[in-house]
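Please keep the structure in view while reading.

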Amino acid sequence: MFINKSLKEYIAATASGEPTPGGGSVAALVGSLGGALTNMVNNLTVGKKAYEELSEEIKSKIANNSKEVEKLIEDLTGIVDEDTKAFDKVMEAFKLPKETDEEKIARTKAIQEGYKVALEVPLRCAEKCLRILELQDVFANYGNVNAITDVGVGTLLAYSGLEGALFNVTINLGSIKDEEFKKEVSAKVDSILKEGKKLKEELLNIVYKRLG
């Protein structure tokens, strides 16, 4: 499992001529690091003097958001390895026999189903990265000002994970013939990307303002 390798080993594996780990796995990894930095800011904030002066409502939001981010980090680290297997069904389907008409039909159907499975994993990755961005506002606004740059880096990483994962969704979508399915997923991709860009800019604006 790639997630259990050292950073050095993972980087070397990514740089090798092997197809995995690829962009989808790396997108999940950087997304998880975005979440990790978010929770680092939480841990550098709670208990400090400025934190004690916050309202109970904001303290509660910090605690709840941090807890959810922790779960998202866990989910994304799982996707680091899951994404490397996402294309397996497509590859298996291409190996199916195609001598008779029946075999050709069954093979085509299996390939199409494989592509749908392959894009489900990066789509889930993008949704989780988007959720991290949605949870970062309280840390950007009220997190320890000495760690505000970590909020910024966390934002950039979560967004990179989001858009990177959507690249993989889009390339698999191009091989699918089910027009209704393509339309539905394309709309979801556009929505996630639009919201992700908006949140990234809002968060970075807060970061730069607090830096100044």
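F2 and Y10 are both buried, where buried means under 20% relative accessible area, exposed over 50%, and partly exposed in between (1.4 Å probe, protein chains only). The model is predicted: local features need pLDDT of at least 70, side-chain atom pairs count only at pLDDT 80 or more, and totals for chains, interfaces and linings use all residues. Residues are numbered from 1 along each chain as its sequence is written, and side-chain values use heavy atoms, with hydrogens and water left out.

**Aromatic rings**
- The structure holds 1 aromatic pair.
- The rings of F2 and Y10 have centres 6.2 Å apart and planes at 85°, so this pair is edge-to-face.
- Rings of Phe, Tyr and Trp (its six-membered ring) pair if their centres lie within 6.5 Å; planes under 30 degrees apart count as stacked, over 60 as edge-to-face and the rest as tilted.

**Charges over rings**
- K116 lies over the face of F181, 4.8 Å from the ring centre.
- The charged end of K200 sits over the ring of Y159, at 4.4 Å from its centre.
- A charge sits over a ring if NZ of Lys or CZ of Arg is within 6 Å of the ring centre and within 35 degrees of the ring normal.

- F94 counts as partly exposed because its relative accessibility is 38%.
- Of the 212 residues of the protein chain, 43% count as buried.
- The C-alpha atoms of the protein chain fill a box of roughly 75 × 40 × 25 Å, taken along the principal axes.
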